[in-house]
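Here are my notebook entries from an afternoon of looking things up. Have the structure open and follow along with me.

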Amino acid sequence: MVLVSNKELMDKAYEEGYAVGAFNINNMEILQAIVSAAVEENSPVILAASTGAIKYAGMDYLVSMARVAAQSVDIPISLHLDHGPDFEWAMRCIRGGFTSVMIDGSKYPYDQNVALTRRVVESAHACGVPVEAELGRLVGVEDEISVTEREAFFTDPEEARNFVEETGCDSLAVSIGNAHGIYKGEPKLDFERLEEIHGVVEVPLVLHGASGIPDHDITRATKHGISKINIDTELRLAFRDAVRKVVCETDVYDPRKFVGPARDAMREVVRHKIRIFGSKDRA
Ligand code: G3H
Ligand code: ZN
């Protein structure tokens, strides 16, 4: 298949009460792990690339690999810009072949976030590309973004409704107790707030920072409008642990001997997530 857009994947998930996984890619093995897991589970999947990933791997390499992956399989796959920081990055990715973009204006005051998001939405929609926006601010570290506890705040339901109406965004990432990176204690999602947001916002919702959130909370969130769930840290940990095991326990120096097991470990993480997201057999 050719790469599809997030909108196609998420609108269906939203109506049917499950979520599509958005897994971060940085190199070929990570991408292969994600796609092979999605094929095994017969699930749609979103390949998410941050600006850091694009700088690391190169725009053309990433887009080409994603296209090859999509063309080789029968499940729907989209290529999505994760946490796009500004208008220029969003446009660059659309021109480069991304089929979906996120504009993350959550670092700005409300009005500035609206203005930036609206500008990206107008241009992206003219190209047939959907836009994810963010309101509220997640604590933690994700690639090139770092937010302290003092800077973080939850999404306000009324503000979220106005934000979606004013910007025309296709989906909205919310801050309800979720955090980027490794959680310090047991994560506690504010389901009351999520239900309120879901009640007044008419687009699919997105849960970032989902690594480390217990399975039952993830499944519960998919019943309240969460239609896309982002996972990065758990893939990184699986990669690191698998490489470390081989490197520390043997003398092998062929990279395939430690990156290969890392790919296998990440594939199992993705398969498990797909099952708890409810997207198994939804391809
Ligand atoms: O945008 C990416 C994510 O929100 C991933 O968060 O690294 O905490 O899984 P995570
Ligand atoms: Zn995120």
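**Entry 1: a helix and its neighbours**

Which elements do the buried residues of helix 10 pack against? I looked, keeping in mind that this is a predicted model. I found strand 1 (20-24), helix 2 (28-41), strand 11 (226-231) and helix 11 (255-277). The buried residues of helix 10 are Thr233, Leu235, Ala238, Phe239, Ala242, Val243 and Val246.

I then checked the length of helix 10. It has 17 residues (233-249), so at 1.5 Å a residue it should span 24 Å. Its end C-alpha atoms are 24 Å apart, which agrees.

**Entry 2: one threonine**

Is Thr155 buried or exposed? Its relative accessibility is 0%, so I noted Thr155 as buried. I found Thr155 in the loop between strand 7 and helix 7 (157-167). Its side chain reaches the backbone oxygen of Leu135 at 2.6 Å. Leaving out residues up to four places away in sequence, Thr155 touches Leu135, Gly136, Ala160, Val174, Ser175, Arg193 and Ile197.

**Entry 3: the pockets**

Next I went looking for empty space. Rolling a probe the size of a water molecule over the atoms shows where such space is left.

The largest pocket holds about 370 Å³ of space. I counted 20 lining residues, with Val139, Glu149, Gly177, Ala179 and Tyr183 nearest the centre of this pocket. Strand 6 (139-142) and strand 9 (179-180) are the elements that give two or more residues to this lining. I sorted the lining of the largest pocket into nine nonpolar, seven polar and four charged residues.

The second largest pocket has a volume of about 210 Å³. Of its 17 lining residues, His83, Asp104, Glu142, Glu144 and Ile145 are closest to the centre. Strand 3 (77-84) and strand 7 (145-147) each supply at least two residues of that lining. By class, I noted four nonpolar, five polar and eight charged residues around the second largest pocket.

**Entry 4: the cavities**

How many cavities of 30 Å³ or more does the structure hold? I found two.

The largest cavity holds about 90 Å³. Among its 14 lining residues, Glu142, His180, Gly209, Asn230 and Asp232 lie nearest the centre. The lining of the largest cavity has two nonpolar, nine polar and three charged residues.

The second largest cavity has a volume of about 60 Å³. Which element gives the largest share of its lining? I wrote down helix 1, with four residues. The lining of this second cavity includes Asn6, Lys7, Met10 and Asp11.

Notes: Residues numbered from 1 in each chain as written. Chains lettered and ligands numbered in written order. Predicted model: local features only at pLDDT ≥ 70, side-chain atom pairs only at ≥ 80, totals over all residues. Heavy atoms only, no water. 1 Å grid on protein atoms, 1.4 Å probe; cavity = no way out; pocket = protein on both sides within 12 Å on 5 of 7 lines; lining within 4 Å. Points joined across faces, edges and corners; volume = space filled by probe spheres on them. Nonpolar A, V, L, I, M, F, W, Y, C, P; charged D, E, K, R; others polar. Expected span 1.5 Å × (residues − 1). Buried < 20%, exposed > 50% of the residue type's maximum accessible area, 1.4 Å probe, protein only. Contact = heavy atoms within 4.5 Å. Polar contact = N/O pair within 3.5 Å; in protein donor to acceptor, adjacent residues only side chain to side chain.
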